[in-house]
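Biologist: I have the sequence and the model open now; could you walk me through the packing, beginning with a single residue?

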Amino acid sequence: MSVKYTPVQWNRNKYWYDAILLLFVVLYITLFIRYAPGLIQTSPIDGQILRMRAFGTCAFLMLTFILCLGPLARLDPRFLPLLYNRRHFGVLTFFVAFTHLQFVVGWYHVFSPVDPWVSVLSSSSNATSFLDFPIEWLGLATLVILFVMMATSHDFWLKFLTPPLWKTLHMGVYLAYGLLVMHVALGTLQAERSIVYPLVFGACPLLVIGLHWTVALKDYRADRAKVSADGDWIVASELADLEDSHGRTIVLPGGERAALFRYGDRISALSNVCAHQNGPLGEGCIIDGLVTCPWHGFQYRPEDGCSPAPFTEKVGTYRVKLEGDRVLIDPAMLPPGTAAEPIILDRARRAIA
Amino acid sequence: MQVGHRRAHRAIWLVLGVLLPVLFVAALALRPDLPVEAEAVERLAPKAGGGGP
C-alpha cells in the first residue's frame with residue numbers, strides 16, 4: 001500500500017531478510033566450492049565446472065525452498081515471516097541461475113565456431129531421444145520463466161495485470177520447477193556417479209510435491225465438509241469457537257471462502273481473498289482494529305472491507321447474525337467496500353433475552 | 001476466482017507429482033554405464049628394424 005510512488009518500500013524486515021538470504025547464498029557457494037571435491041565429487045573436477053555446479057545446485061535448492069514456503073506457511077504460521085519477502089528470494093534465485101548459465105557458456109560454448117548463445121541452443125539437438133534430450137533447452141526454458149517472473153515481480157505489474165492474472169502468470173514457476181528437475185536428471189545425473197546428487201535432487205521434488213499434496217488434501221477436505229444451513233444463511237461457527245482478534249476461514253457453498261473475525265464484542269465477515277496478492281485473510285488477525293493479511297500486512301476495516309485512508313484497497317463483505325450461540329453468515333457476498341453491520345454481542349444477547 | 005486457482009493448483013501438483021518422479025527415476029534407471037576408466041598405456045616403441053603395420 002503506497003500513497004506516493006517508491007520503487008521498493010524498504011523496511012527493517014526486508015533489509016534483514018535480504019541480508020540473511022544473501023549470507024546463506026554466499027555461504028553455500030563457498031562451502032560447496034571448498035568441500036564438494038572431497039565429499040561429493042567422485043572424480044577430479046575442473047574449477048570452472050565446480051563453480052558451475054555450485055551456482056546450479058544453489059539455484060535448484062533456492063527454487064525448492066521457495067516452492068515449499070507457500071504450503072509451509074499454510075500448515076504452520078511460524079513460516080509466515082519467510083513468505084513476506086518471497087519475491088526478493090525469487091529475484092535472487094534468477095541471478096544465481098543466470099550466473100550458472102554464464103559458467104556453462106564460458107566453459108562449453110565460448111570457443112564454438114558460432115556465437116556462444118547460438119551454440120547453447122544448437123550444440124546438442126537430439127530432441128527425439130529421452131536421455132540425450134538437449135538439457136540446455138530445459139535449463140534455458142526454466143531461466144526464461146524465472147526472468148518473466150522476476151521482471152513482473154514488482155507491485156506495479158501486480159496492479160497493472162490485476163492479482164488474478166498476475167497469480168496465473170506466476171504459477172509458471174511450477175512448470176519451471178518441473179523443467180529444472182528434468183534439466184538435472186538428464187544432465188548432471190547422467191554422468192555423475194556420486195549417490196549424494198540423486199538423493200538430494202530426488203528428495204527435493206518429493207518434499208515439494210508432498211507439502212503441496214498435504215495442503216491440497218486439507219483444502220479438499222474443508223471444501224467437502226458438510227455445511228449446515230438455516231434457510232439461506234450458513235452456520236459459520238459456534239460463538240465459543242471464535243478466538244478474539246483471530247480470523248477463521250469459512251467454506252461457503254460453491255467453494256468460495258469467507259474470513260470471519262471476532263474483535264472485542266463484535267463479529268464481522270469479509271472475503272477471504274486479499275486485494276493485494278489474493279492472500280488468505282481468514283488466516284490473518286486483527287491489528288489496531290483492522291483485519292491484517294498474513295502475507296504482506298495489507299489491512300481492511302472489518303465492518304466494510306475498505307483499507308483505512310489514504311489507501312484505497314477494498315474487499316467484499318458478508319452479512320452476519322447471531323442465533324443462540326451460533327454465528328450465521330449470508331453466503332451472498334456484498335460488493336467490495338459495502339458496509340455490513342457487525343454482530344454486537346451485548347446487543348445481540350439482549351435482543352435474544 | 002479463488003476456487004478456480006485452488007483447482008488449478010491441485011491439478012498442476014497432481015500432474016507434477018506423478019510425472020516428475022516417474023521421469024526422474026526413468027532418467028536414473030536408463031542412464032548408460034560410464035566407460036571404464038582406461039589406465040594410461042605406454043606408447044609402444046617401434047619395432048626394431050622398422051616395420052609398419
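Biologist: What does Val181(A) touch, not counting residues up to four places away in sequence?
Modeller: Leaving those out, Val181(A) touches Pro205(A) in its own chain and both Leu20(B) and Phe24(B) in chain B, where contact means that C-beta atoms, placed from the backbone, lie within 7 Å. Please keep in mind that this is a predicted model, in which local features need pLDDT of at least 70 and side-chain atom pairs count only at pLDDT 80 or more, while totals for chains, interfaces and linings use all residues. Residues are numbered from 1 along each chain as its sequence is written, and chains are lettered from A and ligands numbered from 1 in the order in which they are written.

Biologist: OK, and which residues have the most contacts inside the largest nonpolar core?
Modeller: Val181(A) is one of them, together with Ala59(A), Leu63(A), Leu180(A) and Ala185(A), in a core of 37 residues. A core here is a set of buried Ala, Val, Leu, Ile, Met, Phe, Trp, Tyr and Cys residues joined through C-beta atoms within 7 Å, and buried means 20 or more other C-beta atoms within 10 Å of a residue's own.

Biologist: Which elements give two or more residues to this core?
Modeller: From chain A there are H2, H4 (86-109), H6 (135-151), H9 (172-185) and H11, and from chain B there is H1 (2-29); helices are DSSP runs of H or I with at least four residues, strands are runs of E with at least two, and both are numbered from the N terminus. H2(A) provides the largest share of this core, with ten residues. A second, separate core has 29 residues, including Tyr300(A) and Val315(A).

Biologist: How do the axes of H2(A) and H11(A) run?
Modeller: The axes of H2(A) (residues 47-75) and H11(A) (residues 196-224) come within 9 Å and cross at roughly 20°, so the two helices are roughly parallel, an angle under 35 degrees. Among the residues that meet are Phe60(A), Leu61(A) and Leu72(A) from H2(A), and Leu207(A), Val208(A) and His212(A) from H11(A). By class, this contact has twelve nonpolar, three polar and one charged residue; Ala, Val, Leu, Ile, Met, Phe, Trp, Tyr, Cys and Pro count as nonpolar, Asp, Glu, Lys and Arg as charged, and the others as polar.

Biologist: And H6(A) with H9(A), are those parallel or antiparallel?
Modeller: Roughly antiparallel, because H6(A) and H9(A) pack at an angle of about 155°, and the cut-off for that label is over 145. Their axes are 8 Å apart. Residues that meet include Ile135(A), Leu138(A) and Ile145(A) in H6(A) and Leu175(A), Leu179(A) and Leu180(A) in H9(A). This contact has 13 nonpolar, four polar and no charged residues.

Biologist: Switching topic: how many residues does the contact take from each chain?
Modeller: It takes 28 residues from chain A and 21 residues from chain B. On the side of chain A, two or more residues come from each of H8 (163-170), H9, H10 (188-191) and H11, and H11(A) gives the most, with nine. That side has 16 nonpolar, seven polar and five charged residues.

Biologist: Last one, what share of each chain is buried?
Modeller: Of the 353 residues of chain A, 29% count as buried, and for the 53 residues of chain B the share is 8%. Chain A has twelve helices and twelve strands, whereas chain B has one helix and zero strands. Along its principal axes, the C-alpha trace of chain A spans about 85 × 45 × 35 Å.

Terms used: Axes fitted to C-alpha atoms, helices over the stretch in contact; angles between N-to-C directions. Parallel < 35°, antiparallel > 145°, perpendicular 65-115°, else oblique. Contact = placed C-beta atoms within 7 Å. Buried ≥ 20, exposed ≤ 12 C-beta atoms within 10 Å, placed from the backbone.
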